[in-house]
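Visitor: Please take one part of this protein and look at it closely. I would like the ring arrangement described with distances and angles, and then the sheet and its surroundings.

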Amino acid sequence: MTQDSNTTRAGSLTVVGTGIQVGEQTTLGAKETIEKAQKVFYAVADRAAAQWILGLNATAEALSYDMTLPRRRTVYEGMVDRIAAEVRKGLDVCAVFYGHPGVFAHATHKAIKILRQEGFPARMLPGVSAEDCLIADLGVDPGPLGCQSYEATDFLIRPRRFDPTTAMILWQVHSIGNLGFWDDHTDRRPALEILVEVLVPSYGPEHRVYVYEASIDPAKLPRIEPVLLAKLPEAKLSPFSTLFVPAKKAAELDPIMMKRLGVSFDS
Ligand SMILES: C[S@@+](CC[C@H](N)C(=O)[O-])C[C@H]1O[C@@H](n2cnc3c(N)ncnc32)[C@H](O)[C@@H]1O
């Protein structure tokens, strides 16, 4: 987990995020790293973001997806190989990913791990993720009731002991039931019906959940669609949808523990 101290070889990797709104939510550190890098790679969600990166550094090259590769992991391994090859040539490389570069980005974590093992300096700068935007746009604070966060398909295939007294964020809900890389245009309704079946015993069919899409354009509003849990299979979803499930109610207090800790809400 920690940075390897044996980092003496020429060549380095810095992984940065653009935020969801490129430029607006890109940190100063990320922008400066892109500008100074000897080689830039990027994997971003839209053409304007790619243009913005190219405007900062002419070496910028897309980590484009190979459409013939069916699995996420295979695609990510290809990205890791391309990034690592330039670092091994002795270049200071910057890899730019959208949102936070460490959130649902297998390639970035893997590249850093491999390069550190080989003795290269490699690090990640934090960025603004879709979850950060959700907190701001929906006005929800993960502090008071807590917050649990899962990839939607993973949530179903590894039966979770989730907590309905804590808010829940479900990522990649649009591709629920699909572990391949590409949107295979399969009807996701059966998988969404299974998700509803799993959640309803804990929340009830009338529980209000939110389909959330942060705007990539600072001048535009986010899409926030409240929907009753039972109606979720009918909701409009896109690859940029994240599902927010508010807590059903606050967790009960434990008076014995409060006494042991000497805490009360009166003080
Ligand atoms: C591969 S992950 C990338 C996450 C990204 N690295 C981040 O930091 O937010 C893709 C998922 O992120 C979420 N996501 C991406 N863009 C979003 C947006 N504009 N609004 C809401 N959720 C978004 C969705 O759940 C989507 O399925």
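**Aromatic cluster and sheet**

Guide: At a relative accessibility of 16%, tyrosine 150 falls under the 20% cut-off and is therefore buried. The model is a predicted one, and the values that follow should be read as such. Phenylalanine 155 has a relative accessibility of 2% and is buried as well. A pair of aromatic rings is described by two quantities, the distance of the centres and the angle of the planes. The structure holds four aromatic pairs by the rule used here. In one of them, the ring centres of tyrosine 150 and phenylalanine 155 are 5.1 Å apart and the planes meet at 45°, so this pair is tilted. Phenylalanine 155 also pairs with phenylalanine 162, with 5.4 Å between the centres and 55° between the planes, and this pair is tilted too. Phenylalanine 155 and phenylalanine 162 are both buried. Through ring pairs, Tyr150, Phe155, Phe162 and Tyr203 are linked into a cluster.

Next comes the sheet. It is open and has five strands, in the order E3-E2-E4-E1-E5, with parallel pairing. The edges are taken by strand E3 (61-62) and strand E5 (122-124); each has a single partner strand, so one side of each has no neighbour in the sheet.

Strand E2 can be followed residue by residue. Five of its five residues are buried, so E2 is largely enclosed by the rest of the structure. Lys39, Phe41 and Ala43 point one way from E2, while Val40 and Tyr42 point the other way. E2 is joined to E4 by five bridges, and the two strands run parallel. Within this pairing, phenylalanine 41 stands opposite alanine 95 in E4. From E2 the chain crosses through H2 to E3, and this β-α-β crossover is right-handed. E2 and E3 also run parallel, joined by two bridges. Here phenylalanine 41 stands opposite glutamate 61 in E3. The ring of phenylalanine 41 has a charge over its face as well: lysine 39 lies there, at 5.3 Å from the ring centre.

Helix H1 (residues 28-36) lies across strand E1 (12-17), E2 and strand E4 (92-97), and runs at about 135° to E1. Helix H4 (residues 106-117) packs on the sheet and touches E1, E4 and E5, with its direction at about 155° to that of E5.

Leaving aside neighbours within four places in sequence, alanine 45 is in contact with Tyr98 and Phe240.

Notes: Residues are numbered from 1 along each chain as its sequence is written. This is a predicted model: local features need pLDDT of at least 70, side-chain atom pairs count only at pLDDT 80 or more; totals for chains, interfaces and linings use all residues. Side-chain values use heavy atoms; hydrogens and water are left out. Contact means heavy atoms within 4.5 Å. Rings of Phe, Tyr and Trp (its six-membered ring) pair if their centres lie within 6.5 Å; planes under 30 degrees apart count as stacked, over 60 as edge-to-face and the rest as tilted. Buried means under 20% relative accessible area, exposed over 50%, partly exposed in between (1.4 Å probe, protein chains only). A charge sits over a ring if NZ of Lys or CZ of Arg is within 6 Å of the ring centre and within 35 degrees of the ring normal. Two strands pair if DSSP finds at least two bridges between them. Helices (H or I, at least four residues) and strands (E, at least two) are DSSP runs, numbered from the N terminus. Axes are lines fitted to C-alpha atoms, for helices over the stretch in contact, and angles run from 0 to 180 degrees between N-to-C directions. A crossover is right-handed if, with the strands pointing away from the viewer, the path from the first strand over the helix to the second runs clockwise.
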